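Notebook open, structure loaded. I'll jot down what I look up as I go.

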Amino acid sequence: MEPALVTLIMGIILGYLAQRSRICFIGGLRDFVLVRDTELLKGAVAFFITAWLAFSVAGRLGLVDWRAPTYGGDAAVQRVAMSGTLPAVALSGSVLDIGLPVLVVAVAAGIALGLFSTLANGCPTRQHVLAAQGVRDSVFYLGGFYLGVVVYNLVTKPLLALVF
Amino acid sequence: MSLLPKFNALPGVVPRRVSAVTYGVVAGLLAVGVQVFFGVKPPPAYGICVACHARDLVAWLVNHLAGTHWELAPVSLILPLLTTIGLLIGAYVAAVRNHERRKVALGGHWRSFVYGILVVNAGIVALGCPTRLLLLSAYGDVLALLAVAGLAAGILIGTTLLVRGVAN
């Protein structure tokens, strides 16, 4: 089946469950720190453990090509790497192989992601749910979120290119 | 709204409340499942990512409309992944079905707008949104694990700021 269609259906299922569970992977740690509530945190842990087990089982069954290039396609997407700008290394050995600049940028971006998501009152998944529920702030957030991709291509990426 | 009675006529088909753990387990199985069984790759461990899939969607549209060559994942070259659109539809249906859809304005419109820009940029640079960082870590990616550590630190800093009343 076409990946676009598969992810659309998956998204609908996840959106439904996310609305019913109020899931937020950012909110997990936040709630634990604020009020020692572990409900959402358990969701994030369950996701990680399930994905880890599923990858392990699929790997044992030969369904995962661990040596698959982390990216592919034509020259235009060579820089995509695992998802974005950074050349990530799946199972390729020690952290030292990654290189210090990449490591620093990844951790710094992680910190920024956590900080801004906390201040924005939820992770991107949660914001999509809230927007669909009728929260105006989240609708504005999504406006910034999608417009932010344009900002990324016009500003952030050229800036990063100066480092790498 | 006219569909509501019809939905409500199916009691017990889907539980009204779902625990966070249930979401985590279902999302984990789907994230790996769509890669293994439905070919949502390359790159690997890309089954769920709100930031990257939003990036793919916008980049695909702009590339096709304006002839640019903005980066997107190879799997999104022909048609973009539509996870984020699905999220909106699913959450909308759930909210309407359970009478939880209502207009709420918390009064931070433009602040939220700016946070949206900042979060998607941080997400794309940091390999993905929080969900994908966990997914990549589960796949065995060392860099993603470090980004998760950064993510946790960022949440702690943000929560501290909220408690002290510095932000919001």
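Which residue just after H4(A) takes a positive phi? I find A:Asn121 there, with phi at about 80 degrees.

Ground rules for myself: this is a predicted model, where local features need pLDDT of at least 70, side-chain atom pairs count only at pLDDT 80 or more, and totals for chains, interfaces and linings use all residues. Residues are numbered from 1 along each chain as its sequence is written, with chains lettered from A and ligands numbered from 1 in the order in which they are written.

Next I checked H4 itself, residues 100-119 of chain A (helices are DSSP runs of H or I, at least four residues, numbered from the N terminus). Its 20 residues reach 28 Å from first C-alpha to last, close to the expected 28 Å (1.5 Å times one less than the number of residues). I count 15 of the 20 as buried, meaning 20 or more other C-beta atoms within 10 Å of the residue's own, C-beta atoms being placed from the backbone.

Last, A:Ala51. Leaving aside neighbours within four places in sequence, I see A:Ala51 in contact with B:Gly28, B:Ala31, B:Val32, B:Leu134, B:Leu135 and B:Ala138.

Key
Helix = DSSP H or I, 4+ residues; strand = E, 2+ residues; numbered from the N terminus. Buried ≥ 20, exposed ≤ 12 C-beta atoms within 10 Å, placed from the backbone. Contact = placed C-beta atoms within 7 Å.
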